[in-house]
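Subject: Structure for your review

Dear colleague,

Please find below the structure that I am handing over to you.

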There are 2 protein chains.
Amino acid sequence: MSKQRVVNLSEVRTQCQKCSLYQLCMPMGLAEGDLNKLDKIIKRRRPVEKGEFLFRLGEDFISLYAIRSGSLKTYTSQSDGQEQVIGMHLPGELIGLDAIGDSRHGCSAVALETTSVCEIPFEHLEALSREIPGLQHHLFRLMSAEIQHDQCHMTVLARMPVENRLASFLLSLSDRYKLRGYSASEFNLSMSRSDIANMLGMAMETISRLLTGFQEQGLIQVERKHIRILDAAGLRAIAGQCGELPDSPVDNSSSHSA
Amino acid sequence: MSKQRVVNLSEVRTQCQKCSLYQLCMPMGLAEGDLNKLDKIIKRRRPVEKGEFLFRLGEDFISLYAIRSGSLKTYTSQSDGQEQVIGMHLPGELIGLDAIGDSRHGCSAVALETTSVCEIPFEHLEALSREIPGLQHHLFRLMSAEIQHDQCHMTVLARMPVENRLASFLLSLSDRYKLRGYSASEFNLSMSRSDIANMLGMAMETISRLLTGFQEQGLIQVERKHIRILDAAGLRAIAGQCGELPDSPVDNSSSHSA
DNA sequence: CTTTTCTTTTGATCCAGATCAAGGCCTGGA
DNA sequence: TCCAGGCCTTGATCTGGATCAAAAGAAAAG
């Protein structure tokens with residue numbers, strides 16, 4: 001381990017710690033050389049301004065994007081021109097994973113505020129993950145986590161009344177901010193009420209009423225886009241959880257009808 | 001290419017063609033040696049009878065399962081004991097991808113009929129996909145496709161009225177059966193009405209009424225679990241599509257509010 | 001600073017689809 | 001063969017949230 005290498009490492013760390021790659025690299029303890037390799041394939045690009053597209057539905061898929069700062073929403077368009085918001089994406093998250101399958105973006109990504117991203121050409125990443133087993137494993141885990149997350153969201157949309165949906169959403173934001181080192185109890189919504197409503201499958205008016213209601217119940221404090229969570233346990237009680245284990249596991253025989 | 005190798009290859013093909021691996025291996029043109037390696041890590045196991053679990057929510061994740069014949073449903077359980085059906089899985093599909101992330105199954109899988117599967121220990125598969133680039137790529141594509149599919153389902157659940165949901169579901173089944181070489185216009189529902197309703201986020205009674213309605217409109221013919229699609233175009237008109245491209249792409253500047 | 005425009009709130013009404021209720025129909029077991 | 005317990009269908013009612021409407025704040029533009 002030469003002195004120069006150590007310098008390189010710390011330099012890379014500085015670049016990656018704040019950016020997406022902190023999430024992408026660190027958890028699996030890449031060797032310093034590997035970190036450098038990874039850093040080399042990443043393209044920095046000018047920040048995406050609020051309202052600009054990072055990519056659009058139908059475009060060729062070239063790169064994944066890791067969010068370094070700011071936030072984006074992704075959405076699809078229906079045949080009738082209606083938009084469906086798929087998700088809101090925070091720093092440290094990787095977007096574009098849904099496009100690998102058919103080499104074409106299945107949704108559009110718009111910046112909700114000035115946002116900087118690292119562009120990761122997927123072919124390079126794929127090649128690199130053949131060399132670096134830890135990277136391959138990490139990518140599998142990331143994609144799996146996304147599937148899990150989407151399934152959770154499906155459950156929320158299919159079953160839950162509106163209170164639960166919004167409570168889940170707020171808690172999920174809180175958790176994600178916390179994971180990134182921000183406050184878990186206080187944050188700004190970067191999406192508009194109507195985007196939130198759209199994503200949660202309800203009307204904007206309902207969001208507005210619910211936020212007021214939660215505030216009156218002392219669960220949160222709302223001021224415009226700023227949210228302060230006062231009673232996380234209370235919210236959690238409203239939200240319910242997806243994928244929770246039932247109390248007493250039953251035996252492995254046919255207790256289930258088909 | 002020795003004669004013996006050729007024999008091995010055809011033998012493997014026979015095993016894999018009907019089973020999940022047909023989907024998993026063939027599209028990427030694995031070399032014969034690679035096919036053999038893949039075949040070696042796969043465990044055959046006795047069929048899962050109707051109502052039996054293949055795995056359960058909360059269990060340790062060891063293997064992916066490729067469905068060789070039959071079908072399964074996956075579902076999660078809410079804290080209140082309610083079930084949410086996540087998906088229905090046909091031959092050629094791989095299940096368990098959502099469990100890689102936290103090494104624990106996030107849903108339960110129950111056979112809807114006698115079902116045979118190949119068990120693929122994930123650690124082995126991961127190791128093998130380091131050796132075989134095509135395999136790695138294929139796995140990324142599979143997981144990506146699952147993400148895409150789930151996002152489509154989220155859109156359906158969030159926005160669409162019940163007619164659209166059911167029409168989408170029937171068309172998706174039709175497509176999937178077709179892809180597997182079965183009839184696109186005639187198939188059996190292996191899930192009960194109430195499971196379908198649950199999965200589509202509606203009441204069983206509504207499914208029943210809609211099926212009757214579709215039949216009266218001459219779109220389908222229903223007899224118990226047997227469905228015959230008479231007017232796929234008509235169904236498609238009702239369903240709408242997710243991820244469709246809007247008519248005229250606009251320029252890349254800020255046409256979008258945040 | 002004023003005007004325009006967009007976003008959010010709040011109130012009133014309405015309806016798609018859930019829920020409740022009651023029969024009819026398969027299916028599997030004895 | 002008959003019976004029992006699920007499924008499925010059909011009808012009647014009810015309600016959670018959507019939609020419609022309008023005004024009050026912010027923010028952006030002039």
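This is a predicted model: local features need pLDDT of at least 70, side-chain atom pairs count only at pLDDT 80 or more; totals for chains, interfaces and linings use all residues.

In general, two copies of a chain are related by a rotation about an axis and a shift along it. Here, chain B is superposed on chain A by a rotation of 180 degrees, with 0.0 Å of shift along the axis and an RMSD of 0.0 Å. The two copies are therefore related as by a two-fold rotation axis. Of the interface residues of chain B, 99% are also interface residues in chain A, so the copies meet through the same surface.

**The nonpolar core**

The largest nonpolar core consists of 42 residues. Within this core, L125(A) and L125(B) have the most contacts. Leaving out residues up to four places away in sequence, L125(A) touches L38(A), I41(A), L64(A), I120(A), L135(A) and L139(A).

**A buried serine**

S129(B) belongs to helix α4 of chain B, which covers residues 122–131. Is this residue, S129(B), buried or exposed? Its relative accessible area is 0%, and because buried means under 20%, S129(B) counts as buried. The side chain of S129(B) forms a polar contact of 2.8 Å with the side chain of Q136(A). Apart from neighbours within four places in sequence, S129(B) is in contact with Q136(A) and F140(A), and also with L135(B), Q136(B) and L139(B).

**The surface near DNA strand C**

DNA strand C is surrounded by 19 residues, of which the closest are R193(A), S208(A), R209(A), M202(B) and T206(B). Of the atoms of DNA strand C that come within 4 Å of the protein, 62% belong to sugar and phosphate. By class, the residues of this surface are five nonpolar, six polar and eight charged.

Which helices supply at least two residues each of the surface near DNA strand C? They are α8 (204–216) of chain A and α8 (204–216) of chain B. The largest share, five residues, comes from α8(A).

An N or O atom in the side chain of S208(A) is 2.5 Å from a phosphate oxygen of DNA strand C. In chain B, an N or O atom in the side chain of R209(B) is 3.1 Å from a base oxygen of DNA strand C.

Yours sincerely,
A colleague

Note on methods:
Residues are numbered from 1 along each chain as its sequence is written. Chains are lettered from A and ligands numbered from 1 in the order in which they are written. Side-chain values use heavy atoms; hydrogens and water are left out. A nonpolar core is a set of buried Ala, Val, Leu, Ile, Met, Phe, Trp, Tyr and Cys residues joined through side-chain atoms within 4.5 Å. Buried means under 20% relative accessible area, exposed over 50%, partly exposed in between (1.4 Å probe, protein chains only). Contact means heavy atoms within 4.5 Å. Copies are superposed by least squares on the C-alpha atoms of residues with pLDDT of at least 70 in both. A residue is near a molecule or strand if one of its heavy atoms lies within 4 Å of it. A polar contact is a pair of N or O atoms within 3.5 Å; within protein, one must be able to donate a hydrogen and the other to accept it, and residues adjacent in sequence count only if both atoms are side-chain atoms. Helices (H or I, at least four residues) and strands (E, at least two) are DSSP runs, numbered from the N terminus. Ala, Val, Leu, Ile, Met, Phe, Trp, Tyr, Cys and Pro count as nonpolar, Asp, Glu, Lys and Arg as charged, and the others, Gly among them, as polar.
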